[in-house]
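Let's take a walk through this protein together. Have the fold open in your viewer and follow along.

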Amino acid sequence: MKLPVFVVDAFTAKAFRGNPAAVCLLENKLDEDMHQKIAREMNLSETAFIRKLHPTDNFTQSSCFGLRWFTPVSEVPLCGHATLASAAVLFEKIKNVNNTLTFVTLSGELKARRAEDSIILDLPLYPAHPQDFHEVEDLIKTAIGDTLVQDIRHSPDTRKLLVRLSDIYKRSFLENLKVNTQDLPQVENTGKVKGLILTLKGEPGGQTQAFDFYSRYFAPWVGVAEDPVTGSAHAVLSSYWSQQLGKKDMHAFQCSHRGGELEISLRPDGRVDIRGSTAVVLEGTLTA
């Protein structure tokens, strides 16, 4: 078996920043267990598999494909950065002729369209509802100790817990915060939470670029201690911060050690456009 494989840094224009994803192009059907074996071998937060939906399709001319995402330990229902990476491979390396691509996924149809120097993803927008602190107190205390918390929300659709840190903190605090992810799957094992979002209100521009909000994302429940830049988390964050700030268009920064920028626009149809750049850093052939 030989598969074309690429590694793409997503939500960045610079190599070795943003969030790396592996992308595999499937000319033929792949044995089900092989998806997970390949994802484990690639050992990135996500490995994406693009497949043809019909025998007559081809990666250059067709505009609609199947798409699945796997962490090293499990399949996930939505991954923004690996979708961005998949579109970048088709647009830039395979030279797909279409301006918009449609991906059929576990989260429904997702679209990716060309922009001048980037790609715009059309993703679902997920509301997050107020969460009683005492129900998740052990999880939060385990993760961030006595760090002051201003708001807590839960997204039942994505099983993500959004924890907004106090406005007294600055970006540097979130960047340097030591988060205990190792113990979280034992503390929260009900299945209600599969991802932890830490977020902070943005700061006005000065010596640094202005952002509307900052975040970090942790998903040890699916084998990802910290994800560098997370499109699916921003499908939740976009809903929350739009309500808090009274804005439809926002500029976000995920404060991982690699860092990544996202341009966000809420749409009238209840979805969200997330714009990001990419850098293809590796291409080759996977043999097994």
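Predicted model: local features only at pLDDT ≥ 70, side-chain atom pairs only at ≥ 80, totals over all residues.

The chain splits into domain 1, made of 2-125 plus 276-287, and domain 2, covering 129-262. Their C-alpha centres sit 25 Å apart.

On the domain 1 side 18 residues make contact, and they touch 16 residues of domain 2. There are nine residue pairs in polar contact across the boundary, counting pairs with both residues at pLDDT 80 or more, along with one salt bridge. That salt bridge pairs the side chains of Asp-9 and Arg-258, at 3.2 Å from N to O. If you look at the face that domain 1 turns to its partner, strand S1 (2-10), strand S2 (19-26), helix H2 (80-93) and strand S8 (119-124) each put in at least two residues. By type, that face has nine nonpolar, seven polar and two charged residues.

Is Ser-62 buried or exposed? With a relative accessible area of 12%, Ser-62 falls under the 20% cut-off, so it counts as buried. Setting aside neighbours within four places in sequence, Ser-62 is in contact with Asp-57, Asn-96, Asn-98 and Leu-101. A polar atom of the Ser-62 side chain also lies 3.0 Å from the backbone nitrogen of Asn-58.

On to the salt bridges, which number 18 by the rule used here. One of them joins Asp-122 to Arg-267, with the closest N and O atoms 3.7 Å apart. Asp-122 belongs to strand S8 while Arg-267 is in the loop between strand S16 (260-266) and strand S17 (271-276), so this pair ties together parts 145 residues apart in sequence. Asp-122 is buried at 6% relative accessibility, whereas Arg-267 is partly exposed at 25%.

Another pair, Asp-151 and Arg-153, meets at 3.1 Å, N to O, and both residues are buried. Then there's Asp-212 with Lys-247, at 2.5 Å. Here a loop between strands S12 (195-201) and S13 (213-219) is tied to one between helix H6 (231-245) and strand S15 (249-254), so the link spans 35 residues of sequence. Finally, salt bridges with shared partners join Arg-113, Asp-122, Arg-267, Asp-269, Arg-271 and Asp-273 into one network.

How values were computed: Residues numbered from 1 in each chain as written. Heavy atoms only, no water. Domains from an automatic or database assignment. Contact = heavy atoms within 4.5 Å. Salt bridge = Lys/Arg side-chain N within 4 Å of Asp/Glu carboxyl O. Polar contact = N/O pair within 3.5 Å; in protein donor to acceptor, adjacent residues only side chain to side chain. Helix = DSSP H or I, 4+ residues; strand = E, 2+ residues; numbered from the N terminus. Nonpolar A, V, L, I, M, F, W, Y, C, P; charged D, E, K, R; others polar. Buried < 20%, exposed > 50% of the residue type's maximum accessible area, 1.4 Å probe, protein only.
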